[in-house]
Amino acid sequence: MRFLLITSCLALAAGACTSTVESNNGRKPSGPASTSPTASSGMGGTGNVGTGATTSTGATTGTGATTGSGGVPPIGTPVTLVDAFKCDSAAAAEPTPPRRLWRVTPSEYANTVAAALNGRPSANAAVPPVAGFVNPLVSPGSARYTTESGVVSVSGPEFSGTFTSSAELADQMVAKAKNGTCWATDSAGAKFATCVGTLVQDKGSILFRRPLAADEVTHYVDQANQVLAELGPDGALSVAFQSLLLAPQFVFKPEIGAATATPSVYRLTPFEVASMLSYAVTSAPADADLWAAATQGALSSADQIKTQVTRLMAGPQASSARNFVTEYFKLRTIRGVAKAADMVLAGESPVCHYNKERAIAGAEALVGDIYNSNSTSGFISTLFTTNVAYADCATEKLWGLSGTPQNDAAPPTRMTAPVGERAGFLTNPALMGGLAARDVTKPIKRGLFMNMDVLCTALTQVVPDGVPPLGDISALTMREALAAHAAPNASCKVCHDMLDPAGLAFEKYDDIGTYRTMDKGKPIDAAGTLRDVGLADLDVDGQKLSFTDAVDLSNKLASTGRVEQCVMLNGFRYFLGRREVKYDQCSLKQAQDAYKPAGSYVDFVATLASSDSFLNRSF
Amino acid sequence: MNSFSRRSVSFSRRSFVEKLGLGMGAALMAPLARNLIREAQGQTSDRKIAMFWFACNGINPYWVFTPKEFAEPLNGVNQQEPSDVSNSSLIESATYTLPEAFKPLEASYRNNLLMMEGFKNYPRKGEDVGHGAGCMALTCVPSTDLVNQSQPGGIGFDQLLANSIGASAPRKSVLIAISSKIDQVMKNHMFAAGANQLIPAFQSPADLFKDLFPNMPAPVMMGTTPSSRNRVIFDGLRYDIARLDKQFAAPEKDKLATYLGIVEEYEKRLQSASNLSCNGGTSPTLTQTGDPVDVMVALNSLASIAVVCGLTNVMGVDIGCRDSHDFGPNLQSILRASVKGKDGTSLADVGHQDAPVNGPVITDTYAWISGMVAKTLDSLKAIPQGNGTVFDSTVAMITSDNGETHHSIQARWPLVLVGGKVGGLKLDGRYLRYPADPRHSLADVYLSMAQGFGVPAGDFAKGSDGGGANYGNPNNGEVGGAPIGPLPQLV
């Protein structure tokens, strides 16, 4: 493959940031945002599709990276890893990013219609799903994270689905309104319009994530009145509800804000803050406590916001906060990879047989375990070092374990991986299987993930030219095969020397993540040194990093500033749903400073959520 | 049954076709169809119809394709370049025995088809990634995402046609797929509006029904006066969009503009459908999790009715894309359960085509597909148009979706075209085997069809390199190398 190799990046964080959550530091609003999907942006780290200029020599361009997020356009000046955590005067002078209108994610959509149907969730409770609901929305395929929904609108098939399901939901909402609301007594006659208005405000405030203005309520009541004679009261109310469910004010998350002392800079309103917080942490609309805080104007200070985030992250509803780990480590990617091991062949028992979903279930159980035990201390390092395994009868062999309940209904069991064989999610079977092919490892995929997502090197994949096939590798280890493959051509070596060490480190995990020490009858050599552009050693906190295998590599990376920053950058992208730009440097620095003392994920998210990047917009 | 599947009728595999009308035969269908065709908006002039049926990778017809009169051993093996076109000149004959795999077309369409083979259709050398590679068969260019093959590299030929011959119909195209993988990653891989623009295919008959016939027997939104209800809702939506639009600048405004466009397109479709008496009957409860054969037959029936009714002029069917022969075991009810793959133990290995033992299975698969195609064509033949029928301006294509080498031997890629003489297309019963030099690609077939349909091909199949330095290099060029041009034997 041919890759775009750009400036190597150092993990440095320096400079003081003086911005506070209450002010915007006199920053200017941004100019028109770029709409070019090919414009340069961000770290160039995580996307599937590179779009910038290419170089076959591996020479650095020195101007930052192209977007690696696969189509999410930048909203400001690109920033490199070297600068991302520097809060300096240049960053403070950057224009404020513009107002955004980003579509709800599929899970946000599902949780919000569930709340509209069943009522706003009480404090610290997850939203129960609507039975049988088929989600009409899909995540944008071009985005690294499902939360990067700002790049899309609504497609035809999605609208078709929402139109149909909204009609059914509206009817269900009408049926529910017959118990315990004004509709039980006031659905006809003179009180019809008043009751419709009350119900529109009640349901609309959940869907729109803010109280409706009086003229908005009037608009939906008018709609009901227009069809009252033809459809009757229930049908008329259903029309009003369906209109709410289809309104762009629900399907999109508007970030408009209120004017500040700085011309053209707007601060998110308390209800917009509540919406952002609840979706970021819980993927659901504001619960009763958060809604009350917004209503009382108690979301204006950083401390108030941090208090709410801390509360939300401590409860069972924090699904989105947990989901960041799942998406960061691509633990569901294996769903898209056909696996020979999935097949139940004749003569085999389907009971306790490997399948990909079992691997994912174990990985997600581990995410929950670490979230519960380490969300306020040593969070990132634990992600790279834990030797906890969640295995069941279908996956225990992958881990080299035994003794789980031998039935398919049993949930994964918490166990300890054999000594020296696992270190965190980098060696998890779900990730290893996702970064492999049907029945063979893919060290290039693994190397790409390490470079783009773990080390945040400035590398973006582009369409390759003339890459020869590996050929017959039946007698070769993967290391031998890759060496033979890359050796004849110097231009091949440029990329392979960068990708292969990080990828081959994981050769001890086969195509579904089973630990092994031999390949083709030969001992596996997983040792190496991380490399950067131009055949140089990769700078990891000022020194090169050599390792004996993936466990050694992951354990060493766990305590490095480079990886810590890279995880935080990805967290920023996930929680803000966009790529970082120069304006965000102070916000990132604040969040990093909050994380560092104890390694608290909660403090990181809480500080990020109270930062200027989270709260300020321009128009 | 949950509240989102209100219709209580479920259909067995075979009866569903009858319930929807396609199985009733031309005589019963004709009066209805005549009525429908007049009513379909924008369909008053002569229609041109294109339909594509693809079976998954590994389930490739070449083992069973070549007529016995022209039989020649297939020499290719997995993981190798195309090697099985040994004829130095074109083989062309009107006299041959139609292979069993396509026998369902024999009675009515023997003189309206072309058996064609000898084409290239393979991805860039070195970029074989197994099951995902072949979903380029409509785009003829590689995926832009060479790691996961998750994004198309260009527009699919079906959509190129849809932009033209589908523009006047309520639906530009109706795309259906069946796959044992129902997650988002797996279901959206065959149809593309352009580079990185996947078009999801319908996998659930229930969902497709609701989409095609939203005004039919009251899937909820229809009250006693559904048009009033919908008018109020759509007018309200326009108000909501305009209200929000004032508060944003580009590019956020563009999202609202897109939303408005989608809303109004859907509104137009509802209005079109409300004028049709083309009633799909009662909505099925069958979803993509049902028996795969039931699901495929139901999807095919609904999509075919959409064509027959004039709701669309382009239909795409993908059986197992990104799923491959893994899908095989689920189709054992049509594939002979007694036939095992090359490993002698299961159907799972049918897709690795380095042994002809899989022939009977593949024959049955394509016979099943050919049967569906024949039924749809029968219906179109019953609809008068000008001095003939709609069939005269219809072309259907049957082939496999995949060209990667792990599941295909890349040997003289085969396909069947069947239909009328659209724009002079020479569908007259011949067998054609194209030679090794010049080696034509699948793209040349599409260029020929485009010419026949009167649709400019533009940059179709030019690929992500835009015809750059690598374009056309058989070792590292686009899928199948550079298109040469329309085939004189076809157009």
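Two residues are taken to be in contact, or to touch, if their C-beta atoms, placed from the backbone, lie within 7 Å. The model on screen is a predicted one, in which local features need pLDDT of at least 70 and side-chain atom pairs count only at pLDDT 80 or more, while totals for chains, interfaces and linings use all residues. Residues are numbered from 1 along each chain as its sequence is written, and chains are lettered from A and ligands numbered from 1 in the order in which they are written.

**Whole chains**

Select chain B to begin with: among its contacts with a separation of 6 or more, 78% are between residues 24 or more positions apart. Its secondary structure comes to eleven helices and twelve strands, where helices (H or I, at least four residues) and strands (E, at least two) are DSSP runs numbered from the N terminus. Of its 491 residues, 59% count as buried; a residue is buried if 20 or more other C-beta atoms lie within 10 Å of its own, exposed if 12 or fewer, and partly exposed in between.

Switching to chain A, one finds 23 helices and 13 strands, with buried residues making up 60% of the 619 residues. For contacts in chain A between residues at least 6 apart in sequence, 72% join residues at least 24 apart.

**The nonpolar cores**

Next, colour the nonpolar cores, each being a set of buried Ala, Val, Leu, Ile, Met, Phe, Trp, Tyr and Cys residues joined through C-beta atoms within 7 Å. The largest has 126 residues, and those with the most contacts inside it include Val273(A), Leu277(A), Val309(A) and Ala609(A). Helix α20 (residues 561-576) of chain A gives the largest share of this core, nine residues. Centre the view on Val309(A), which touches Leu277(A), Val281(A), Val605(A), Ala606(A) and Ala609(A), residues up to four places away in sequence not being counted. Another core, of 109 residues, lies apart from it, and among its members are Val141(B), Leu208(B), Phe213(B) and Val416(B).

**A helix pair in chain B**

Show helix α6 (residues 205-212) and helix α9 (residues 292-309) of chain B, which pack at an angle of about 10 degrees with their axes 9 Å apart. Axes here are lines fitted to C-alpha atoms, for helices over the stretch in contact, and angles run from 0 to 180 degrees between N-to-C directions. The helices α6(B) and α9(B) are therefore roughly parallel to each other, given that angles under 35 degrees count as roughly parallel, over 145 as roughly antiparallel, 65 to 115 as roughly perpendicular and the rest as oblique. Pro205(B), Leu208(B), Phe209(B) and Leu212(B) of α6(B) meet Val295(B), Ala298(B), Leu299(B), Leu302(B) and Ala306(B) of α9(B) in this contact. By class, the contact of α6(B) with α9(B) has nine nonpolar, no polar and no charged residues, where Ala, Val, Leu, Ile, Met, Phe, Trp, Tyr, Cys and Pro count as nonpolar, Asp, Glu, Lys and Arg as charged, and the others, Gly among them, as polar.

**A helix pair in chain A**

Now select helix α2 (residues 106-118) and helix α5 (residues 192-207) of chain A, whose axes come within 9 Å and cross at roughly 160 degrees. This makes α2(A) roughly antiparallel to α5(A). The contact is formed by Thr112(A), Ala115(A) and Ala116(A) of α2(A) together with Lys203(A), Ile206(A) and Leu207(A) of α5(A). By class, the contact of α2(A) with α5(A) has four nonpolar, one polar and one charged residues.

**Loops and backbone details**

Most residues other than glycine have a negative phi, and most peptide bonds are trans. Asn124(A), in the loop between α2 and α3 (156-177) of chain A, has a positive phi near 60 degrees, and this residue is partly exposed, with 16 other C-beta atoms within 10 Å. Arg209(A) lies in the loop between α5 and α6 (214-246) of chain A and has a positive phi of about 65 degrees; Arg209(A) is buried, with 24 other C-beta atoms within 10 Å.

Returning to chain B, select Pro251(B) in the loop between α7 (226-245) and α8 (252-275), where the peptide bond from Ala250(B) to Pro251(B) is cis, with omega near 5 degrees. Finish at Asn111(B), in the loop between α3 (106-109) and β3 (113-119) of chain B, an exposed residue with 10 other C-beta atoms within 10 Å. Asn111(B) touches Asp428(B) and Gly429(B), not counting residues up to four places away in sequence.
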